Amino acid sequence: MNLDFGQIVPYIPFMLEGIWVTLKFVIFAIIFGFVLGTLLALCKISHVKVIGWLADAYTSVFRGTPLILQLMIIYYAVPELVGYDISPFLSSILAFGLNSSAYVSEIIRAGIQAVDKGQTEAAQALGVPYNQMMKDIILPQAMKNILPALMNEFITLTKESALVSTIGYLDLMRRATVVGADLYRNFEPLLFVGVIYYLLVMGLTIIGRLVERRLRYSD
Amino acid sequence: MIKVKNLHKSFGNNEVLKDITTDISKGEVVSIIGPSGSGKSTFLRCLNLLEKPTKGSVLVHNQNITDPKTNIMKIREQIGMVFQHFYLFPHMTVLENLTYAPLKVKGESKQVAQSKARDLLAKVGLTDKETAFPSSLSGGQKQRVAIARALAMEPELMLFDEPTSALDPEMVKEVLDVMKDLAKSGMTMAVVTHEMGFAKEVADRVLFLDHGMLIEEGNPEQFFDQPKTERAKGFLEKIL
Ligand SMILES: Nc1ncnc2c1ncn2[C@@H]1O[C@H](COP(=O)(O)OP(=O)(O)O)[C@@H](O)[C@H]1O
Ligand SMILES: [Mg+2]
């Protein structure tokens with residue numbers, strides 16, 4: 001077999017455009033998943049049992065079923081039900097965000113519980129209200145401890161994002177297959193986007209390290 | 001300023017405090033001593049409701065803090081607490097540790113909060129540590145910051161739970177000195193301590209707890225020289 005990368009040159013701009021298309025929804029999905037995951041984590045440690053139970057059930061369902069199924073349900077099945085024709089872009093953000101929030105909430109819950117109970121007591125003794133204490137004292141410490149785990153989740157999300165090619169979203173992955181079909185050669189375009197995915201993940205890893213270093217205030 | 005009446009506290013079936021009744025008046029320094037596990041910390045923590053009493057009442061300025069209608073946050077603002085393990089906020093500088101609650105809880109302006117914080121840091125001898133993070137401080141320095149942090153809320157009462165027990169011996173004095181100054185300034189203080197020297201010298205009154213009961217209370221000279229109860233005698237023989 002002989003590789004010929006010369007043939008994909010005309011398609012390179014088309015494939016590079018996929019970087020932004022992928023990143024666009026990945027960034028939204030990460031933010032959405034992170035915010036929802038934080039809220040879910042707060043529900044899980046709530047003293048109101050029902051709230052905690054609902055958050056646990058949510059997590060259980062989203063971790064217990066395939067992501068691609070969740071994506072298909074949101075893109076194909078929900079529109080049948082409610083009659084709203086959802087775009088691939090919005091479906092992707094929703095599916096990945098909802099799914100990611102389940103994992104993120106578990107990570108953050110563990111992070112919160114790992115913060116010394118004395119921190120809560122010190123804040124309470126100063127008269128700091130619960131919400132303020134969570135925001136200013138507990139969550140910042142929890143986040144610092146769980147940053148590596150969170151980064152891992154974001155990296156997984158970035159890689160799994162290739163699944164959205166199955167609902168016709170023109171992301172990196174989809175573009176590689178389009179080019180492959182055009183050229184009757186799959187290896188070169190797949191390898192090309194493979195390298196791009198790898199660089200994206202490396203980029204995320206480096207950002208994670210930098211943030212970690214900036215947060216390393218204690219010991 | 002604090003009236004404790006028939007205070008009981010149980011954890012499950014374990015009755016940790018049994019029918020404690022006592023008062024702390026304004027400007028008084030009370031030392032709480034007793035064997036480990038006798039309920040000293042629990043007693044102290046009932047005074048600012050870090051533990052919820054099972055029975056009985058705690059009145060702060062004649063307000064029953066166990067009454068669900070009482071705004072416990074407002075009460076806690078008036079009561080400072082210093083812990084054995086400091087519990088400084090590790091992600092904040094020393095100055096931020098001191099100004100956080102005044103800014104967020106009392107709504108003080110940044111300027112006022114910072115200038116008061118600097119005064120307090122001067123008082124505890126840590127002016128040069130303003131921008132340091134807690135992890136870079138020694139135990140004695142951490143505890144002095146913790147005391148200053150509590151004082152920044154301008155409390156009327158300060159609770160100390162074994163403030164020197166986690167310190168290396170050479171750092172005990174610097175913390176006790178700060179506490180002595182505080183006592184001299186007229187602060188009302190309740191201090192759980194194993195430092196009998198401090199109790200003798202600084203306290204106006206000693207409470208002796210054993211097995212969750214207030215066995216004996218009195219002025220330090222009398223308590224240390226002529227304890228009235230066998231249990232107090234036994235305890236003092238063991239530690240002195
Ligand atoms: N949060 C808690 N849950 C259950 N038991 C506790 C709790 N806190 C304290 N205790 C128990 O209460 C008793 C008194 O504890 P404590 O007040 O810490 O004593 P001291 O400070 O005098 O050493 C001990 O037997 C301890 O095990
Ligand atoms: Mg104790």
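Modeller: A salt bridge is a side-chain nitrogen of Lys or Arg within 4 Å of a carboxyl oxygen of Asp or Glu. Keep in mind that this is a predicted model.

Biologist: Which residues are linked in a network of salt bridges?

Modeller: Side chains of opposite charge can pair when their charged atoms come close. Here B:Lys106, B:Glu108, B:Lys116 and B:Glu154 are joined in such a network.

Biologist: How many salt bridges are there over all chains?

Modeller: The count is 20. Let us take some pairs one by one.

Biologist: Start with B:Asp177. Which residue forms a salt bridge with B:Asp177?

Modeller: The partner is B:Lys173. Their closest N and O atoms are 2.8 Å apart.

Biologist: Is B:Lys173 buried or exposed?

Modeller: Buried means under 20% relative accessible area, and exposed means over 50%. B:Lys173 has 56%, so B:Lys173 counts as exposed. B:Asp177 has 26% and is partly exposed.

Biologist: What about a pair that joins separate elements? Where do B:Asp210 and B:Arg231 lie?

Modeller: Their side chains meet in a salt bridge, 3.4 Å from N to O. B:Asp210 lies in strand β9 (residues 205–210) of chain B, and B:Arg231 lies in helix α9 (residues 230–239) of chain B, so the pair ties together parts that are 21 residues apart in sequence. B:Asp210 is buried, at 10% relative accessible area. B:Arg231 is partly exposed, at 37%.

Biologist: And in chain A? Which side chain meets A:Asp136 in a salt bridge?

Modeller: That of A:Lys135, at 3.1 Å from N to O. Read each end separately. A:Asp136 has 13% relative accessibility and counts as buried. A:Lys135 has 52% and counts as exposed.

Biologist: Now helix packing. At what angle do helix α4 and helix α6 of chain A pack?

Modeller: Start with the angle and the distance between axes. Helix α4 (residues 88–114) of chain A and helix α6 (residues 130–160) of chain A pack at about 140°. Their axes are 8 Å apart. Angles over 145 degrees count as roughly antiparallel. α4(A) and α6(A) are therefore oblique to each other. Their crossing is right-handed.

Biologist: Which residues make the contact of α4(A) with α6(A)?

Modeller: From α4(A), they include A:Phe96, A:Tyr103, A:Ile107 and A:Gly111. From α6(A), they include A:Met134, A:Ala142, A:Ile146 and A:Glu153. By class, this contact has 15 nonpolar, two polar and two charged residues.

Biologist: Give me a pair in chain B. How are α3(B) and α5(B) set relative to each other?

Modeller: Apply that reading again. Helix α3 (residues 94–104) of chain B packs on helix α5 (residues 139–151) of chain B at about 25°, with axes 8 Å apart. Angles under 35 degrees count as roughly parallel. That is therefore the class of α3(B) and α5(B). The crossing is right-handed.

Biologist: Which residues meet there, in α3(B) and α5(B)?

Modeller: B:Val94, B:Asn97 and B:Leu98 in α3(B) meet B:Val145, B:Ala148 and B:Arg149 in α5(B). By class, they divide into four nonpolar, one polar and one charged.

Biologist: Last, a single residue. What is A:Thr22 in contact with, leaving aside its neighbours within four places in sequence?

Modeller: First place the residue. A:Thr22 is in helix α1 (residues 12–44) of chain A. A:Thr22 is buried, at 0% relative accessible area. Beyond those neighbours, A:Thr22 is in contact with A:Ser161, A:Asp171, A:Leu172 and A:Tyr197.

Note on methods
Residues numbered from 1 in each chain as written. Chains lettered and ligands numbered in written order. Predicted model: local features only at pLDDT ≥ 70, side-chain atom pairs only at ≥ 80, totals over all residues. Heavy atoms only, no water. Axes fitted to C-alpha atoms, helices over the stretch in contact; angles between N-to-C directions. Helix = DSSP H or I, 4+ residues; strand = E, 2+ residues; numbered from the N terminus. Parallel < 35°, antiparallel > 145°, perpendicular 65-115°, else oblique. Left-handed = near helix turned anticlockwise from the far one by under 90°. Contact = heavy atoms within 4.5 Å. Nonpolar A, V, L, I, M, F, W, Y, C, P; charged D, E, K, R; others polar. Buried < 20%, exposed > 50% of the residue type's maximum accessible area, 1.4 Å probe, protein only.
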